[in-house]
Amino acid sequence: MLFVEYPKCSTCKKAKKWLDDHGISYEDRHIVEENPKKEELMEWQGRSGLPLKRFFNTSGMKYRELGLSAKLKDMPEEDQFELLASDGMLVKRPIIVAEDFILVGFREAEWEDRLL
């Protein structure tokens, strides 16, 4: 299982502690040092069944700086994936990539359902 995170993110720290407390093993990946590639993001979004907007870090500074809340609705999906792949700070985190599911963001109840 892959755990994609930004180590300074408080939600990621909480999620990582939750995984460790429950004895769940994972491979750690720093989202800025090794940003997900466009193809990975496309695969994850397809497998997750989530709308593409859920993969954007809508509360992030970079998202606000670029004014994406207004721009995304008219932006083709292909361009949205390229944008996400261009900067890890735009991607919602943490992300769990497991064999049969993808989790985006940390919602404890959802993680319990899927991981315990």
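**View 1. Strand β1 is covered on both faces.** Leu2 and Val4 on one side of β1, and Phe3 and Glu5 on the other, are all buried. Buried means under 20% relative accessible area, exposed over 50%, and partly exposed in between, with a 1.4 Å probe and protein chains only. In a regular strand, side chains alternate between the two faces of the sheet. The model is predicted: local features need pLDDT of at least 70, side-chain atom pairs count only at pLDDT 80 or more, and totals for chains, interfaces and linings use all residues. Residues are numbered from 1 along each chain as its sequence is written, and side-chain values use heavy atoms, with hydrogens and water left out.

**View 2. Strands β1 and β2 run parallel.** Four bridges join β1 (residues 2–5) to β2. Leucine 2 has glutamate 27 of β2 as its bridge partner. Glutamate 5 stands opposite histidine 30 in β2. Strands pair if DSSP finds at least two bridges between them. Strands (E, at least two residues) and helices (H or I, at least four) are DSSP runs, numbered from the N terminus.

**View 3. Four strands form an open sheet.** The strand order is β2-β1-β3-β4, and the pairing is mixed. At the edges lie β2 (27–30) and β4 (102–104), each pairing on one side only. Neighbouring strands are turned by 15 degrees against each other on average, direction ignored. Helix α6 (residues 108–115) packs on the sheet and touches β1, β3 (95–97) and β4. The direction of α6 makes about 170 degrees with that of β4. Axes are lines fitted to C-alpha atoms, for helices over the stretch in contact; angles run from 0 to 180 degrees between N-to-C directions. Contact means heavy atoms within 4.5 Å.

**View 4. Helix α1 crosses helix α6.** The axes of α1 (residues 10–21) and α6 come within 12 Å and cross at roughly 35 degrees. Ala15, Trp18 and Leu19 of α1 meet Glu108, Trp111, Glu112 and Leu115 of α6. These contact residues divide into five nonpolar, no polar and two charged. Here Ala, Val, Leu, Ile, Met, Phe, Trp, Tyr, Cys and Pro count as nonpolar, Asp, Glu, Lys and Arg as charged, and the others, Gly among them, as polar.

**View 5. Aromatic rings form a cluster.** Ring pairs link Phe3, Trp18, Tyr26, Phe106 and Trp111. The count comes to six aromatic pairs. Rings of Phe, Tyr and Trp (its six-membered ring) pair if their centres lie within 6.5 Å; planes under 30 degrees apart count as stacked, over 60 as edge-to-face and the rest as tilted.

**View 6. The loop between α5 and β3 holds lysine 92 and proline 94.** A cis peptide bond joins arginine 93 and proline 94, with omega about -5 degrees. Most peptide bonds are trans. Lysine 92 counts as partly exposed because its relative accessibility is 27%. Beyond four places away in sequence, lysine 92 touches Arg54, Phe55, Phe56, Asn57, Val104 and Gly105.

**View 7. Leucine 66 sits in the loop between α3 and α4.** With a relative accessible area of 31%, leucine 66 is partly exposed. Leucine 66 touches Lys71 and Leu90, not counting residues up to four places away in sequence. The C-alpha atoms of leucine 66 and leucine 90 are separated by 10.0 Å, and the two residues are 24 apart along the chain.
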